[in-house]
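Okay, thanks for coming, everyone. Let me put it up.

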Amino acid sequence: QVQLVESGGGLVQAGGSLRLSCAASGRTFSAYTMGWFRQAPGKEREFVARISSSRGRIDYTDSVKGRFTTSRDNAKTTVYLQMNSLKVEDTAVYYCAATSNYCSGYGCYLTSRYDDWGQGTQVTVSS
């Protein structure tokens with residue numbers, strides 16, 4: 001089990017940038033696939049990005065490709081989500097999640113695939 005704490009959310013104008021951080025506890029952080037999800041009011045939680053334990057595989061949902069970048073620093077047990085060219089429709093609570101189970105392809109995009117979740121951080125993009 002790993003404990004996750006997100007930070008970096010806030011209010012930004014459309015076109016702006018934010019960098020989310022997710023600090024993890026636990027000495028086996030490097031073995032976890034880390035995911036980013038978001039949930040807008042009245043909508044289901046949706047996949048945003050994921051980075052494999054070895055950083056060899058990174059995936060994004062189509063709506064953020066070219067604008068968002070996820071990375072990880074295993075020495076700092078932290079995963080990041082750099083969000084550029086933000087749009088109003090990016091407004092949501094953003095969550096990081098971790099899984100120690102193997103996943104590939106679409107399986108990594110499912111909330112059910114992840115065992116541990118952070119508390120979320122609010123991102124609000126104004127027009």
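Before the rings, a definition: rings of Phe, Tyr and Trp (for Trp, its six-membered ring) pair if their centres lie within 6.5 Å, and planes under 30 degrees apart count as stacked, over 60 as edge-to-face and the rest as tilted. With that in hand, Phe-37, Phe-47, Tyr-95, Tyr-106, Tyr-109, Tyr-114 and Trp-117 form one aromatic cluster.

Quick housekeeping. This is a predicted model, so local features need pLDDT of at least 70 and side-chain atom pairs count only at pLDDT 80 or more, while totals for chains, interfaces and linings use all residues. Residues are numbered from 1 along each chain as its sequence is written, and side-chain values use heavy atoms, with hydrogens and water left out.

Back to the rings. A pair of aromatic rings is described by the distance of the centres and the angle of the planes. How many aromatic pairs does the structure hold? There are seven. Take Phe-37 and Phe-47: their ring centres are 5.8 Å apart and the planes sit at 75°, so that pair is edge-to-face. Phe-37 is in strand β4 (residues 33-39) and Phe-47 in strand β5 (residues 46-51), so we're linking distant parts of the chain, ten residues apart; helices (H or I, at least four residues) and strands (E, at least two) are DSSP runs, numbered from the N terminus.

Phe-37 also pairs with Tyr-114, again edge-to-face, at 5.2 Å centre to centre and 75° between the planes. Tyr-114 is in the loop between β9 and β10 (116-117), so this pair ties strand β4 to a part 77 residues away in sequence. By buried I mean under 20% relative accessible area, with exposed being over 50% and partly exposed in between (1.4 Å probe, protein chains only).

Now the charges. Arg-45 lies over the face of Tyr-95, 3.6 Å from the ring centre. The charged end of Arg-45 also sits over the ring of Trp-117, 4.9 Å from its centre. The rule there is NZ of Lys or CZ of Arg within 6 Å of the ring centre and within 35 degrees of the ring normal.

Then there's Arg-38, in strand β4. Arg-38 is buried, with a relative accessible area of 6%. Which side chains does Arg-38 make polar contacts with? One is Glu-46, at 2.7 Å, and another is Asp-90, at 2.9 Å. A polar contact is a pair of N or O atoms within 3.5 Å; within protein, one must be able to donate a hydrogen and the other to accept it, and residues adjacent in sequence count only if both atoms are side-chain atoms.

Last stop, cysteines. Calling a disulfide a pair of cysteine sulfur atoms within 2.5 Å, we count two. One joins Cys-22 to Cys-96, S to S 1.9 Å. That pair links strand β3 (residues 18-24) with strand β9 (residues 92-99), and the two cysteines are 74 residues apart. Cys-22 is buried at 0% relative accessible area, and Cys-96 is buried at 0% too.

Cys-103 and Cys-108 form a disulfide as well, with sulfur atoms 2.2 Å apart. The torsion about that S-S bond is about 110°, so the disulfide is right-handed. Both Cys-103 and Cys-108 are buried.

That's my tour, thanks.
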